[in-house]
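Please examine the sequence and the model before reading the solutions.

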Amino acid sequence: MTLLPARYPPATGSNEDVQIGVLFASKAMLQLLVNPLSGTLIDRVGYEAPLLAGLAVLFLSTTTFAFAENYATLFAARSLQGLGSAFADTAGIALIADRYAEEPARSRALGTALACISFGSLAAPPFGGVLYEFAGKRVPFLVLACVCLLDGLMLLVLAPPGGTGARANMPVGTPIHRLMIDPYIAVVAGAPAPRNLPLAFLEPTIANWMKDSMGASEWEVGLTWLPAFFPHVLGVYVTVQLAAAYPHLQWFYGALGMAIIGASSCLVPACRNFGQVIIPLCGICFGIALVDTALLPTLAFLVDVRHVSVYGSVYAIADISYCVAYALGPIVAGQIVHTMGFAQLNLGMGLANVLYAPVLLFLKNVCQMKPSHSERNILLEEGPKGLYDTIKMEERKGMGKSLQPAGEMDENGMGSYHRDLKGVSEEDSSDYEYS
């Protein structure tokens, strides 16, 4: 941020800090607006094609960054990142939840993805800073564009869109507006907003605070977040192991993580040197790992037992919650520090997380949930909407025609018709049984 104005001078008379803040926030803003549409589209066409499209848009936006020469082009490239992320992030997480349907494999796979996301976020400042300093502004973006291209090629090899015909056998997903009004999904999906506040609000403000309060050097500012990657990975590992041993306590791991985030946020203003500030930042990232690793699989579980096992829309809702903090942070964090102070900003973020932690008690009995509707009931209520639904409906009709008349009674006085009907109902229930 300190180098950006020198290379891309703002227009005369404009506020430099506001321009940079809007530039950073534009990605999250567009991503937030597109997510309801991307989630619905993913549910209709499958996971692979939107993931590939998102990677293609990210490749285009990153390449545009490399050759941008004015603020308008930078703004367009940053906004394109939001469009690409709305498809790539949501489709990627949903694809993992779909391919790893059983626990603890699902938690382990999602935890691995979260660790990779954390590495990208925390390693980006020193990575970009070093390459910018020694190789110029274009090299960091070109390297990332190559990563996007490589990722897309790997997707084409491992999971080509439309290559398996799996989409034809997928049920129709629950509409996103129905998922939003589910109270359990609302509680889980709401957690990322307060949990993301420390990252979103500290990233644009902690550098100036460290320079003013402790005289931190440029390299110390650049490496502030990198050590926090290791406790984040530790948090993912610990949560996966605990979830495998005590799966009924997922809500507690999330609440504990939010309490750790809140306490660590409050400790940041008390630090007086670089070594001290690393400790609460590590605590924040450790707590984030607990929250994400515990609650992301819980979203998939809730969809499995309360709706239809298609995950695009539910993870789009979670991504909306993620983006709220990042849409506000770059714009309002500096104003809060200027008007109220850095300590008050951290206390507010800590209080938000501590207050949200007890809300997760609402999820205490989620692990005991059973499917509320059989597959046949869902089809009868909503009618066939695709090939999968039609085939299932025809199967039910065929089984119904084979039933004997109710008048034929067995020796126990129970009609074979009713016995056969009971067998059909048991099969219906087993179709949606969750292991």
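The model is predicted: local features need pLDDT of at least 70, side-chain atom pairs count only at pLDDT 80 or more, and totals for chains, interfaces and linings use all residues. Residues are numbered from 1 along each chain as its sequence is written, and side-chain values use heavy atoms, with hydrogens and water left out.

**Exercise 1.** Describe the span, start and bend of helix 4.

Solution. Helices are DSSP runs (H or I, at least four residues), numbered from the N terminus. Helix 4 covers residues 71-99, which is 29 residues. At the start of the helix, a side-chain oxygen of Asn 70 comes within 3.3 Å of the backbone nitrogen of Ala 72. At Ser 85, helix 4 bends by about 30 degrees, the bend being the angle between axes fitted to the seven residues ending there and the seven starting there.

**Exercise 2.** Which peptide bond is cis, and where does its proline lie?

Solution. The cis bond joins Glu 103 and Pro 104, with omega about 5 degrees. Pro 104 belongs to the loop between helix 4 and helix 5 (105-135). As background, most peptide bonds are trans.

**Exercise 3.** Determine how helix 13 (residues 250-267) is oriented against helix 14 (residues 274-306).

Solution. Axes are lines fitted to C-alpha atoms over the stretch in contact, and angles run from 0 to 180 degrees between N-to-C directions. The two axes are 8 Å apart at an angle of about 155 degrees. Helix 13 is therefore roughly antiparallel to helix 14 (angle over 145 degrees). Contacts (heavy atoms within 4.5 Å) involve, among others, Gly 254 and Gly 257 in helix 13 and Gly 283 and Gly 287 in helix 14.

**Exercise 4.** Determine how helix 3 (residues 48-67) is oriented against helix 6 (residues 138-158).

Solution. Their axes come within 8 Å and cross at roughly 165 degrees. Helix 3 and helix 6 are therefore roughly antiparallel. Residues that meet include Leu 51, Leu 55 and Phe 59 in helix 3 and Leu 142, Ala 145 and Leu 149 in helix 6.

Technical notes
Helices (H or I, at least four residues) and strands (E, at least two) are DSSP runs, numbered from the N terminus. The expected span of a helix is 1.5 Å times one less than its number of residues. A polar contact is a pair of N or O atoms within 3.5 Å; within protein, one must be able to donate a hydrogen and the other to accept it, and residues adjacent in sequence count only if both atoms are side-chain atoms. Angles under 35 degrees count as roughly parallel, over 145 as roughly antiparallel, 65 to 115 as roughly perpendicular and the rest as oblique.
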